[in-house]
Amino acid sequence: MISALLTASLVILALAMLACLFRLLKGPTRSDRVAALDTIGIHVLAIIAVVSMQLNTQDFLEIILVIGILTFIGTTALARYIERGVVVQEGGDTHDR
């Protein structure tokens, strides 16, 4: 029963990821594309977690952690690029006042 539920969740996650991939490719604005990319990263994390549960192993937990950190950094960098036009400013990070 649990195996069938995990398989069904993998199918649902894959379909949701395809919808996000469509939004990433056809998104009308940059913000939509960044949100879609972040959501795809979350779906990848969830798929790895479900596969880990199906295989009954904890070996993928470090991979989930690394992908989560990289997704967060990527989303933050893209949001900053959209807001300011650059990811890293020369001369350090100064706030506009």
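Helices (H or I, at least four residues) and strands (E, at least two) are DSSP runs, numbered from the N terminus. The model is predicted: local features need pLDDT of at least 70, side-chain atom pairs count only at pLDDT 80 or more, and totals for chains, interfaces and linings use all residues. Residues are numbered from 1 along each chain as its sequence is written, and side-chain values use heavy atoms, with hydrogens and water left out.

**View 1. Two spans carry the UniProt annotation "transmembrane region".** The annotation comes from an unreviewed entry and covers residues 34-53 and 60-82. UniProt positions are given in the numbering used here, feature names are shortened, and annotations may be inferred rather than shown by experiment. Residues 60-82 are 96% helix and 0% strand, with their end C-alpha atoms 33 Å apart. For residues 34-53 the figures are 100% helix and 0% strand, and the end C-alpha atoms are separated by 29 Å.

**View 2. Helix 1 spans residues 2-26.** Its 25 residues reach 36 Å from the first C-alpha to the last, close to the 36 Å expected at 1.5 Å a residue. The expected span is 1.5 Å times one less than the number of residues in the helix. Leu6, Leu10, Leu13 and Cys20 of helix 1 are buried. Buried means under 20% relative accessible area, exposed over 50%, and partly exposed in between (1.4 Å probe, protein chains only). Helix 2 is included in what covers the buried residues of helix 1, where contact means heavy atoms within 4.5 Å.

**View 3. Asn56 lies in the loop between helix 2 (30-55) and helix 3 (61-84).** The phi of Asn56 is positive, near 55°, although this residue is not a glycine. Most residues other than glycine have a negative phi, and most peptide bonds are trans. Asn56 counts as exposed because its relative accessible area is 72%.

**View 4. Thr71 sits in helix 3.** Thr71 is classed as buried because its relative accessible area is 15%. The side chain of Thr71 reaches the backbone oxygen of Ile67 at 2.7 Å. This is a polar contact, a pair of N or O atoms within 3.5 Å; within protein, one must be able to donate a hydrogen and the other to accept it, and residues adjacent in sequence count only if both atoms are side-chain atoms. Leaving aside residues up to four places away in sequence, Thr71 touches Asp38 and Gly41.

**View 5. Helix 3 is followed by Gly85.** Helix 3 has 24 residues and reaches 35 Å from its first C-alpha to its last, close to the 34 Å expected at 1.5 Å a residue. The phi of Gly85 is positive, near 90°. Val66 is also found in helix 3, and is partly exposed because its relative accessibility is 45%. Val66 and Val86 are 20 residues apart in sequence, and their C-alpha atoms are 25 Å apart in space.

**View 6. Arg84 forms a salt bridge with Glu83.** A salt bridge is a side-chain nitrogen of Lys or Arg within 4 Å of a carboxyl oxygen of Asp or Glu. By this rule the count comes to one. The closest N and O atoms of Arg84 and Glu83 are 3.8 Å apart. Arg84 is partly exposed, at a relative accessible area of 31%, whereas Glu83 is exposed, at 63%.
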